Every structure is written in C-alpha cells, then in structure tokens.
Amino acid sequence: MPVFAATARCRAANRRGFTLVELLVVMVLMGVIASFAVPRIGGFIYADRLKTTVRKLVGLIHRSAQMARQDQMPYLLTYKPGERLFVAAPEEPARGEKKDAAVGREERLTLADTVAVRDVWSWFGGLQAGDTMGIRFNKNGYVEPTIIHLRQEDGQEMSVILTPFLGKVKVEEGYAPPETQALFQ
C-alpha cells in the first residue's frame, strides 16, 4: 500500500495547477520583455520597406534592360514623384519613325508610402530632381553610369548604382556621391 499512497499524493499535486499570483508574475514578465522587443521589431519592419523597395527597383531595372534587348528598341525608366511611380516603357519614336508593337508594353513599380526618390544622377544627364526623372536604356539594354538615391521618412538612405553595361547593379547604404568608385567596378 505505500506505493499506492505515494502515487495518490503525486496525482493530487499535479491537479493543483498555478496560483493567480504565479500567473500574474509570468504575465508581467512577458509584458516587460515585449515592451523592449516591440520597438526593435517595429523599427526592423519599418526599415525593411526601404530594402524591399530597393529589391523591387533592381528587378525593374533588370526587366527594363531585358525588354530593350528583346524589342531591340530604347526604353525609358521614368520616375514620377507626384505618383510615387516608376514606369519602364519604350521610348517614344522620333518623328517619321514607325511605331513598334512593343509600344504598349510597360512595367510599373509603386514605391512604399515611406520611401521616396531623392534624386537621380547620370553620367551625361547630371543631377535630376523635380517633376520627372528618367534613365534611358539603349536597344542593347545598356545604360550610362547612373545612381538612384532613395530616402525613407526616418532619414535612412540607400543608393542603387547602375554600371555602364548593366552587368551589375550595386546597392549601397547611405548616399553614394557621383564620384563613387562603384560606378567603374
């Protein structure tokens, strides 16, 4: 019988559960830990919008070059600040030139609410800021050295650097000046 009595005592102890005080202490500790973690997680999610936008922009740049090569015609990647929109579309033909079937083809990218294009710098065009900023891809998909500067509301900046033959698109934290060596690497 002593074995049975020990088993009965263990079962009684298991049914006891937690007291209200124990539950309150655990909930307070969880609240304290969450109060430290939430601002960091929120900042991470907020900062991630800039990185996500940059990744989408790099994809649009690659697609623009690809469409120019496929259609064998120049494409323009234009940013419209009022609409917060990038549009990649065939360049308008000069007077007298016939329109191609690819004229209706275009790709779009709308920026996140907290992200904006600060300016666009290109080798031949210089610094562009204002109503419309553009990057031209020739019919072979090549682009002149260009830097697109993106800025988030909290002041964080990233630069998208396009090299002359678009073999590489580099992304750098912060504002990359036009004199950056990344243009020629």
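This is a predicted model: local features need pLDDT of at least 70, side-chain atom pairs count only at pLDDT 80 or more; totals for chains, interfaces and linings use all residues.
**View 1. Overall make-up of the protein chain.** Of its 185 residues, 32% are buried. Among the contacts with a separation of 6 or more, 54% are accounted for by residues 24 or more positions apart. The chain exposes about 11800 Å², and carbon and sulfur atoms supply 59% of that area.

**View 2. A nonpolar patch that includes M27 of helix α2.** L20, L24 and M27 make a nonpolar surface patch of about 340 Å². M27 is found in helix α2, which comprises residues 20–71. With a relative accessible area of 56%, M27 counts as exposed because this value lies over the 50% cut-off.

**View 3. The open four-stranded sheet.** Four strands in the order β3-β2-β1-β6 make up an open sheet with antiparallel pairing. The edge strands are β3 and β6, each of which pairs on one side only, and from one strand to the next the twist averages 15°. Strands of a sheet pair through backbone hydrogen bonds, in either a parallel or an antiparallel sense.

**View 4. Strand β2 and its two neighbours.** Strand β2 is mostly covered, six of its six residues being buried. Strand β1, residues 75–80, runs antiparallel to β2 and is joined to β2 by six bridges; within this pairing, Y75 stands opposite P90 of β2. The two strands β1 and β2 form a hairpin with four residues between them, and R84 in the turn has a positive phi of about 55°. Strands β2 and β3 also run antiparallel, in this case joined by four bridges. In the pairing with β3, A88 has E107 as its bridge partner, while F86 stands opposite L109.

View 5. R136 and E91 form a salt bridge in which the closest N and O atoms are 3.1 Å apart. R136 lies in strand β6 (residues 133–137), whereas E91 lies in the loop between β2 (85–90) and β3 (107–110), so the pair ties together parts that are 45 residues apart in sequence. R136 is partly exposed, with a relative accessible area of 38%, and E91 is likewise counted as partly exposed, at 23% relative accessibility. This pair is part of a structure that holds five salt bridges.

View 6. Side chains of opposite charge can pair when their charged atoms come close. The side chains of R108 and E106 meet in a salt bridge with an N to O distance of 2.8 Å, and E106 is partly exposed, with a relative accessible area of 36%. Another salt bridge is formed by E157 and R151, whose closest N and O atoms are 2.9 Å apart. E157 is buried, with a relative accessible area of 12%, whereas R151 is partly exposed at 36%. Salt bridges that share partners join R118, R151 and E157 into one network.

**View 7. The enclosed strand β8.** All six of the six residues of strand β8 (residues 157–162) are buried, so the strand is largely enclosed by the rest of the structure. In a regular strand, the side chains alternate between the two faces of the sheet. Both faces of β8 are covered, with E157, S159 and I161 buried on one side and M158, V160 and L162 buried on the other.

View 8. Strand β7, residues 146–152, pairs with β8 in the antiparallel sense over six bridges, and I147 of the pairing stands opposite I161 in β8. Four residues separate β7 from β8 in the hairpin that these strands form, and G155 in the turn has a positive phi of about 100°. Strand β9, residues 169–173, runs antiparallel to β8 and is joined to β8 by five bridges. In this second pairing, L162 stands opposite V169 in β9.

Notes. Residues are numbered from 1 along each chain as its sequence is written. Side-chain values use heavy atoms; hydrogens and water are left out. Patches are made of residues with over 30% relative accessible area and no salt bridge: like charges are joined within 9 Å, nonpolar side chains (Val, Leu, Ile, Met, Phe, Trp, Tyr) within 5 Å. Accessible areas come from the Shrake-Rupley method with a 1.4 Å probe; for residues, only the protein chains shown count as cover. A salt bridge is a side-chain nitrogen of Lys or Arg within 4 Å of a carboxyl oxygen of Asp or Glu. Buried means under 20% relative accessible area, exposed over 50%, partly exposed in between (1.4 Å probe, protein chains only). Contact means heavy atoms within 4.5 Å. Two strands pair if DSSP finds at least two bridges between them. Axes are lines fitted to C-alpha atoms, for helices over the stretch in contact, and angles run from 0 to 180 degrees between N-to-C directions.
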